[in-house]
Amino acid sequence: MADRPRDLAERMALRRKAAGKPGQSAGDGYLRETFTLPRAAARERAQAFFARYPKAGYMSEVETWRELPGGDIEFTMRRLPSAD
């Protein structure tokens, strides 16, 4: 248990640092993968991700996405590590 607000802030900062590493969870139990692909390839990659990790079993979703100036799509897929 935190004795001071600063202790809590330090623990939260450590979690944020760990969340920045590829393939690791952000403390919420999800695994994330980020991709940057042309639009058609991005669509195929997302479909393959959902085929491998179904939404019902892994709570998979496209967490964030954006279109880059060159037309590529950058997106982050999120899933639970294993299905129950």
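**Overall fold**

The model is predicted. The protein has three helices and three strands. Read from the N terminus, their order is α-β-α-α-β-β. Of the 84 residues in the protein, 19% are buried. The exposed surface comes to about 6300 Å², and carbon and sulfur atoms supply 53% of that area. Now take the contacts between residues at least 6 apart in sequence: 50% of them join residues at least 24 apart.

**Strands 2 and 3**

Strand 2 and strand 3 run antiparallel, joined by six bridges. One example is V62, whose bridge partner in strand 3 is M77.

R78 belongs to strand 3, which spans residues 73-79. Is R78 buried or exposed? R78 counts as buried because its relative accessibility is 17%, and the cut-off for buried is under 20%. The side chain of R78 makes a polar contact of 3.5 Å with the side chain of E63. Leaving out residues up to four places away in sequence, R78 touches several residues, among them Y30, F49 and M59.

**Aromatic rings**

The whole structure holds four aromatic pairs. Two of them are set out here.

| Pair | Distance between ring centres | Angle between planes | Geometry |
|---|---|---|---|
| F49 and F50 | 6.3 Å | 85 degrees | edge-to-face |
| Y53 and Y58 | 5.2 Å | 80 degrees | edge-to-face |

F49, F50, Y53 and Y58 form one aromatic cluster. How exposed are its members? F49 is buried, with a relative accessible area of 2%. F50 is partly exposed, at 22%. Y53 and Y58 are both buried.

Charged side chains also meet these rings. The charged end of K55 sits over the ring of F50, 4.9 Å from the ring centre. R79 lies over the face of Y53, at 3.9 Å from the ring centre.

M59 sits in the loop between helix 3 (55-58) and strand 2 (61-67). Most residues other than glycine have a negative phi. M59 is partly exposed, with a relative accessible area of 46%. M59 is also one of the residues that R78 touches.

Technical notes. Residues are numbered from 1 along each chain as its sequence is written. This is a predicted model: local features need pLDDT of at least 70, side-chain atom pairs count only at pLDDT 80 or more; totals for chains, interfaces and linings use all residues. Side-chain values use heavy atoms; hydrogens and water are left out. Helices (H or I, at least four residues) and strands (E, at least two) are DSSP runs, numbered from the N terminus. Buried means under 20% relative accessible area, exposed over 50%, partly exposed in between (1.4 Å probe, protein chains only). Contact means heavy atoms within 4.5 Å. Accessible areas come from the Shrake-Rupley method with a 1.4 Å probe; for residues, only the protein chains shown count as cover. A polar contact is a pair of N or O atoms within 3.5 Å; within protein, one must be able to donate a hydrogen and the other to accept it, and residues adjacent in sequence count only if both atoms are side-chain atoms. Two strands pair if DSSP finds at least two bridges between them. Rings of Phe, Tyr and Trp (its six-membered ring) pair if their centres lie within 6.5 Å; planes under 30 degrees apart count as stacked, over 60 as edge-to-face and the rest as tilted. A charge sits over a ring if NZ of Lys or CZ of Arg is within 6 Å of the ring centre and within 35 degrees of the ring normal.
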